[in-house]
Amino acid sequence: MDAEFNGTFITLGGFVEMDKFRYLYFIILLTLYILILCTNCTIICLICIYRNLHEPMYIFIAALSLNSLLFSTAIYPKLFIDVLSQKQTISYPACMFQHFLYYSFGVSDFLLLSAMSYDRYVSICKPLQYPTIMGRRTVIVLLTLAWFLPACEVGVPTVISSQQKLCDFTTKGIFCNNTIFKLHCVKSTFLAFYGLFAMMSFAVVPVMFILFTYIKIFIITYHRCAEVRKKAAETCLPHLMVLFIFSCLSLFDIIIARLESGLPKCVRLIMTLQILVYNPLFNPIIYGVKMKEIWKHIKRLFYQLVH
C-alpha cells in the first residue's frame with residue numbers, strides 16, 4: 001500500500017519543524033498572500049481605471065502585477081493546505097503542473113521586463129517615433145509573446161519529465177521546482193542540455209538586452225538637458241531595481257536546485273520563501289512608490305479612504 005501511495009504522490013520535505021510551527025507558518029503565509037493580492041490588485045485597478053495611465057509603460061507594469069498574482073496563486077494555496085495537513089504530499093501530475101506554472105510565469109517576468117526596457121528605450125531615445133513604434137498592436141504582440149513563449153519553453157521539459165520513471169518520492173522543497181528532476185531514476189542528458197539552452201535564451205539573453213537598452217538610454221540622456229536625465233532616472237531606475245531583485249531570486253532558485261544536498265534545511269527554506277515573497281510583493285511597492293503618476297493616484301486613493 002505504501003509503495004502504491006509513494007508511486008503516485010510526492011512528499012514535500014522542505015518544511016522545518018512543521019508540528020511546532022504549523023500555525024505560525026500558516027499565519028505568515030496567509031498574511032504575505034493577502035499583501036501580494038492587495039498590492040498587485042491595487043496597481044492593476046489604478047492602471048485600468050485612470051486614462052492617463054493607459055500608456056504602454058503602465059500597461060506592462062499592470063501585466064507584471066498580473067503575472068505576480070498568477071505566480072503566487074500557483075504556489076500559495078497549496079502551501080496553505082500543506083501547513084495544515086499532517087502529511088505534505090502532492091500527486092505527481094499536480095506536481096508537474098505546479099512546476100510548469102512556476103517556471104512559465106517566472107520566465108514571463110524576464111520577457112515583460114525586456115518589453116518594458118524596449119518601451120523606455122523608444123520613448124526616451126526616439127520620442128518622435130514612439131507613438132508609431134509602440135502602438136496598440138505592438139503592445140498586444142509583446143504581451144502575447146511574453147506569456148506564450150515561456151509556456152512553450154517550459155512545456156517541453158514538463159512533458160518529458162512526466163514520462164520519466166521515479167526512484168525517489170521525497171523532494172527537499174516545499175513546492176515543485178527543478179529539484180523534482182533529482183527524483184528520476186535516470187538523469188536525462190537532453191533535459192540537462194535543454195535546461196542550459198532555456199536558461200541562456202529566456203534569462204541570460206533578456207537580462208543582457210535589458211542592460212544594453214538602459215546603458216544606451218543613460219549614454220544618450222547624459223548629453224541632454226537635466227530634465228531629460230531626471231525623467232530617464234525616474235522611469236528606468238524602478239525597472240532596474242525590479243530586474244536586480246528578480247535576477248538574484250532566480251539565482252537563488254538555481255543554487256537551491258544545484259546544491260540541494262549541500263544546503264542546511266533551514267537555509268534552503270529561507271531562500272525558497274524569499275523567492276516566493278520578494279518579487280510578487282516588492283514589485284508593486286517599487287512601482288507604486290517610484291513611478292510618479294501611480295504614486296499620485298495611490299495617495300489620492302488613501303486620502304479618499306481616510307476621509
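Predicted model: local features only at pLDDT ≥ 70, side-chain atom pairs only at ≥ 80, totals over all residues.
Local features need pLDDT of at least 70, side-chain atom pairs count only at pLDDT 80 or more, and totals for chains, interfaces and linings use all residues. Residues are numbered from 1 along each chain as its sequence is written, and side-chain values use heavy atoms, with hydrogens and water left out.

Start with the largest pocket. Its volume is about 1200 Å³. A pocket here is an open set of points on a 1 Å grid over the protein atoms alone, where a 1.4 Å probe fits, with protein on both sides within 12 Å along at least five of seven lines. Volume is the space filled by probe spheres set on the points, which are joined across faces, edges and corners. The lining holds 44 residues (an atom within 4 Å of a point). Closest to the centre are Tyr103, Asn178, Gly195, Asp253 and Ile254.

H3, H4, H6, H7, H8 and H9 each supply at least two lining residues. H7 (189–222) gives the most, with twelve. By class, the lining has 27 nonpolar, eleven polar and six charged residues. Asp, Glu, Lys and Arg count as charged; Ala, Val, Leu, Ile, Met, Phe, Trp, Tyr, Cys and Pro as nonpolar; the others, Gly among them, as polar.

Now the second largest pocket. Its volume is about 340 Å³. It is lined by 16 residues, and Met57, Tyr58, Lys231, Glu234 and Thr235 lie nearest its centre. H3, H4, H8 and H10 (292–306) give two or more residues each. H8 gives the most, with six. This lining has nine charged, four nonpolar and three polar residues.

Methods. Helix = DSSP H or I, 4+ residues; strand = E, 2+ residues; numbered from the N terminus.
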